[in-house]
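Let's take a quick tour of a protein model together. Have the picture open and follow along.

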Amino acid sequence: MQRTAEQIEQDLLRPVFHTSKKYWVAVAFATSLFFAGVAAFCYQVYAGIGVWGINSPVFWAFDITNFVFWIGISHAGTLISAILRLTNATWRRPVTRCAEAITVFSVLIGALIPLCHIGRPWLAFWMIPYPSERRIWPNFRSPLAWDFFAIATYLTGSTIFLLLPTIPDFAAIRDTATGLRKKIYRVLALGWQGTPRQWQRLETAMHIMAIAIVPVAVSVHTIVSWDFAMTPVPMWHSTIFGPYFVAGAIFSGIAALILTMAVLRKVLRLEEYLRRIHFENLGKLLLTMSLLWFYFTFAERLTTWYGNAPPEMVVFWDSIRKNFAPLFWIMVFCNFLIPVPILGIKRLRTITGTAIASCTVVVGMWLERFLIIVPSLEHKFLPYSWGTYRPTWVEDTLMAASFGFMALLYLLFSKFVPMISVWEMKVGLQPHGGVPVATAEGEHHGLVLEGPLPTDVVE
Amino acid sequence: MSHKWGMVVDLDRCTGCEACVVACHAENNIPTAGADQAALGRAKHWIRVERYWEGDFPDARIRFQPVLCQQCEQAPCEPVCPTYASYHTPEGLNAQIYNRCIGTRFCANACPYNVRFFNFFNPQWDMPLELQLNPDVSLRTVGVMEKCTFCTQRIKAAEIQAEAEKRDLKDGEFNPACAQSCASKALVFGDLNDPNSEVSRLERSNRGTKLLGELGTKPNVTYLERGTWEDAKNG
Amino acid sequence: MQRRDFIKISALSGAMATLEACRSPEQQLIRFVPEEELIPGIATWKPSVCTLCSAGCGLQVRVMQGDAEVVRRGQYGLMKMGLAKKLEGNPQHPVNLGKLCARGQAGLQVLYHPDRITHPIKRSGSRGSGEFQEITWDDALKELASRLATLQSSNSANSLAFLARPMRGQRRELIERFLKAYGAPPAVWYEPFDETVLRQANLLSFGRAALPTFDLRRADYVISFGADFLGTWNSPVAQSIGYGEMRQGRPGRRAKFVQVESRMSQTGANADEWIPCRPGTEGTLALGIAHVILSEKLAPGGPTSPAGSLEGSRAGSVIAGWSAGLPDFAPAALEKQTGVSAAVITRLAHEIAQTGSAVAIIGGAPLAHTNGLFSALAVNALESLIDTGRDQRPILGFMSEPELGDAAQSAVPLQGSLASLNGLAQAALLGQPHAPQMLLLYDANPIFSAPPGVRIREAIAKIPYIVSFGSFIDETSAQADLILPDHAPLESWLDSIPESGSFQAVANLAPPAVAPLHDTRAMPDVLLGLAHQLGGDVAKALPWTTFDALLRAAFIPLRTRGGSINKKTDDEFWSTAQEQGGWWSDAPTAHAAGAQGGGSQGAGSHAGSQPAAATSSLVPAAKHAPMAPAAPEFAGTPAEFPFHFLPYVSQAFGDGSLAHLPWMQELPDVLTTAMWSSWVEINPKTGERLGIRQGDLVEIASQQGSVRAPAVLSPGIAPDIVAMPVGQGHENFGRFATGRGANPLSILAPLAEHQTGSLAWAATRVKLARAGGPEQAKLILFAGGMRGFPHEEEPR
Amino acid sequence: MKALYALYPDPEAAQRAVDSLRAASTELKFDAQQIVILSGEPHEGYEFTDEHATRRPYRWAVLGAAVGGTLGYLLTTLTQKSYPIPTGGMSITPVWTNGIIVYEMTMLGAILTTLVVLLAGAGLPNFKDGITDPEIWTGKILVGVADPPENSQAELATRLRQAGASEVKQFAGISS
């Protein structure tokens, strides 16, 4: 059945106007997780960060693992949607917004973690460059200072990138809503009218943002990798880390995106918008990244193994044969052995299939970060000073809280903003899916809204 | 004349008696971690005597190796600090400025010698043990890194004294607590800018090596390898 | 802990003490008038004496002004006073030349220990319940005095027993005089690791009943039989100073150091060659080396054999078959017995013969076998054969005694201290006539440190009245009825007479470095006070009112002896002695060495002052029949108890008397890197055989009982040996030591060295079994790795 | 404000309406600027939309980038010079590391400028009650004249109808 602009309007704005009980349950759950984390953090500040399992020499563990993990997840959105915009892949339309939302929120969380993990959180603001009475500025040689700038830029950029296209949708809600909601959205819409000039400027701006955000995203995760690569620590001090981390980040990002889409699809009844084609295309991307990840991992390990430098080999063997071997091989399964067949075989590349693959990838990529950080710190150059690490309940709670916080932000966002860009969907209705004939290569899947529903949707 | 403080550790003299360890605790107000924290790997020893086994019974041998901050000239710990808390003094020491430190622990990871220590909690002394605390050395609060300072308080005191007396510092006029307590003179401290100081003389020894020298950190601590009876006999 | 607390501790000024002092009404803040004038922030160094072991090192105490909560006349309050901040060696002191060992530096924590007894207490609960109540000094002394008086008047004065740790100096003289005048038997001096055997051996070999001094800085070859001379044995600081010199102090001349022992000690770890040898066969091995030298007519010390060498000394003559060239000690014959190959023995002999000046040292475990005396005499004989210096003086020598006033009789009796403790225990247990009715305890803790066979716990339980002068409640003083806490050493007048570590005669002396922190009194002053109250002979024998008066009387005669102090008047001498931290004779020149008693035993036996009393209990060498080789005996059959048990003096805790110091608890043992725990060292192969992994809980059982401790697999120990450090396993010794680890002494068989009767603490056999996993054992190691990059062997 | 407008189902019709209004502007004495076009989505390939196309925002972005980069350079070098610290043998103003800051500041500059340029160009925010009609969100395109001259309303209405509108509406401010 043909979806008209009117139906799109109703379908996509429904979540904004109607709230189910389930929604509130979910919000309550996420909130409680979040506040558990807040409590744990307060306890840590009160008692001293010694309530964590970190020790000498393992000074970083769960904290930085989660930091890298969330910053990695953030590479889903912006990067994907920006690239798809630039390549004018019209199937992107239902995908971009939920992707960009993931980005903004996970960067936010990623940026919070370092603040929790430092010894004196109340002094975190010393990272900010401002003319302080201490007459001392941040040390721009420090990768942490780079982090500060990169993440600040990325957060700003991706937030703008996310919010610009919402303005017209806010306007739509403003015009259809009444009462308080109307007042709120009147402000949010900034007085958007929809004149051709406004549309033109909006699309130009989005185009520039798309161009600008891609290199920023790349730089962010490169710099995160440099937090490690800049130090003379066995298996950290490696030139491959930049691209390795970026690839890993996009990898985990896409996985997170697929998962989120699968959930939204069910919860917000978007079966007719998020269709198999989207999961298939993203699945193909995920497959590519999985292969790329394996390539990087192999390259990194091979170089170490062949070089056979004693300090590095200690970490090498410890992760693949000794204490960390179980985690390591779980990681290999999660990131490669499981997803590749699922995503490689067309028959398995279903919505469920890609979702399962994404699940394993998210787990696997978390493990990857953990395995980069902890084994190396446990085994630095002087064997006498080696140590071991066990997390405590405080760290576990904080980690759970980071997921809770993510869920919470996402839930609230989906309440105020249609998770699929309404006006962009409508553009998809136009002949050639809104693509100027000259550039209509993506036409065959430009408009995916007619014809019977794929079987995998009805259940 | 500006100073460049350095130390020579003669592994042939070191007996592993660990007098230096206790001296350091006493001088620098290093809190005792206690059994539980020590079990977690949080015992603090700014100087430690590392021991490595070589061979098996009955040919087992032990190598003692006192390890303290190497006061690197190109210290990996310094550039990574976002707040300039780990700071390179003009006299070549890797200083840690406690009240600048926000506790990112990045320096500790960057240090290949693992000689930087973190205050996981506020230090604590059971009354009246705190009467022993050295008023010349500040206590470190929770969340900051700390490390060997070459007993900078002693350096400063000696320099001020010398200045008051309008003279240069004499070699061996003062020593860090560890070197002071070392009975077999395995630890020798002094000014590397003074070519005639004992430490400079020993540093030029052909037994001299740098700990993890291959990392290019340019330590100001030199290790003198163990000699053998045969070497000595053959001249 | 919050910031507020932190500010509290960090405030070294009155501010926090004020907060503290306001806790309860009886502690309302009072500020006492300072007893001494100190400039705030300026450190002064005061001389003192280290009393934590018998080496008698000279101290320098860094004193700075601070506010402390103190008790004066029963009143709590704040006082600006000198606080001890750091202990360093006294640079002028002939023994330690400004250096100090780890244990010595921790003496500071004895002074400021949170569990010190701060005032006299009286038992309120049942014996050993640990329940005490506060009591004033007046009441306490009145009670003690009256009990002493009644005991004396009921003419059972000889049922007063005094139990203390061996010491050399005026405290000891005071105690002995008191007991003698009172009519009590001499005091019982007990410590588990006493040196009776070595003193007896040195008397027989060299004519001096004293610990030897080694001038290692001149040595070219050192062969040590079990002596941990760099760690815990004899005068470790002095020996470490010499060691450093002999290693790298002489360009182009580096001595070789060979250590013979069955478990690698801290000292053995520094050896160029480490030779494991069967327990108790060290003497045999030494004679094997001597055999090669004698039979092959190797001329030690090259062509010349200068005067002053130990050649033709009596040391050889006390060994049976020496003159015949020790026919029974051909290396080949010893291989099986000692476990050392003939080739090695021969090579050692040749190496030694080649070098200029060699020295043989024996100490520790070899002496703690039933044949300890034989081993000592054997090594002494070897020493006398090889120690022919390239300069005039041998490396081994003896300190001469400072000639103190008539109060001084500083030699240590040669009766094995286990025997005397045993005597006390038996008397009490069997309720003999004159069984001890009252026991005075000073600085000795036999319940912890005596082997269970002595049954000292039951014995002490039988003694009606026990008074302890201890500063801490330990296993023994917990049994006391009355505790009269002594000052901490740094708060007291101190004196001691080092027995070794220098060739100069040394008499240590120091006034209190800091004012007393608590409501304590110096034990000597208490004794003098009691003597005064008792009156009669006791008062006559001890005419002094304070201990420093006694010290002065003892030291004044030294003024005429030259040495380190050259003063006209007694007062000047007395004050200078206090500033210097004692008196010592001039350093001996090469020739004077003999005359100083520092040199060869020939001179040593005549020179110096050897008070008659000291040698009374000796077996004179002349009367002593030549010593025939004796095989060691062990408690327990090899079948049932396959392992030799080797308890050893711990680097951190000594014989256990320092286990209450947090610094020592957190000091990683340098070989195993263990902290806050006790452990059992076993060979990895043994571990493999018994399925014991690093950190597992193991049980060691002897005939006497069993202990449990975590296992540490160490390549430096023979497969049939199980070693365990002494010091942990206190039931009752302050918050840091109580209930931590296990006490190896508690399973020792009460075997004694046959000739001297001193404890043969290395003669127990044990069996070994895994008793649990790491989680039960809770071994705390400081080191992560044991060797350099272990994974290097991984097959790629 | 008031307005006379009609809603058109497709851009072609809208284009026709716009054209006829423009043609009539002089004769009916109103300014072409008064013509209002509103839509719920962007349209491409029509005169009435593409006339607004411009490259200017790109140039602004580049300029902003340049400014950001310069600021980054000044921030790093000036602060480092103002507080010169000997650090592990690195130079006081290390090009390599400062380059990273400069880079990030450059991108930030571009991004922020783009935002500003968009808001300025699109006249946002603007909370005056502009003419609007919810129906544009159902895909219709609104074409009308703001504040039309009283006497020519009938004429305008007919022209709007001719362009293909079923009905012509009056707008008299937001009703809420």
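**A briefing on the model**

A:N335 is buried, with a relative accessible area of 0% (buried means under 20%, exposed over 50% and partly exposed in between, with a 1.4 Å probe and protein chains only). This is a predicted model, where local features need pLDDT of at least 70, side-chain atom pairs count only at pLDDT 80 or more, and totals for chains, interfaces and linings use all residues. Residues are numbered from 1 along each chain as its sequence is written, chains are lettered from A and ligands numbered from 1 in the order in which they are written, and side-chain values use heavy atoms, leaving out hydrogens and water.

**Around A:N335**
- You'll find A:N335 in helix α13 of chain A (helices are DSSP runs of H or I with at least four residues, strands are E runs of at least two, and both are numbered from the N terminus).
- Setting aside neighbours within four places in sequence, A:N335 has contacts that include A:F251, A:W293 and A:E368 (contact means heavy atoms within 4.5 Å).

**Helix α12 of chain A**
- Helix α12 (residues 310–320) has 9 of its 11 residues buried, so the rest of the structure largely encloses it.
- Among those buried residues are A:F316 and A:W317.
- Their cover includes α11 (276–307), α13 (325–337) and α15 (351–378) of chain A.

**Chain C**
- Chain C has 27 helices and 26 strands.
- Of its 796 residues, 65% count as buried.
- For contacts in chain C with a separation of 6 or more, 74% link residues 24 or more positions apart.

**D:R56**
- D:R56 sits in helix α3 (residues 56–82) of chain D.
- D:R56 is partly exposed, at 45% relative accessible area.
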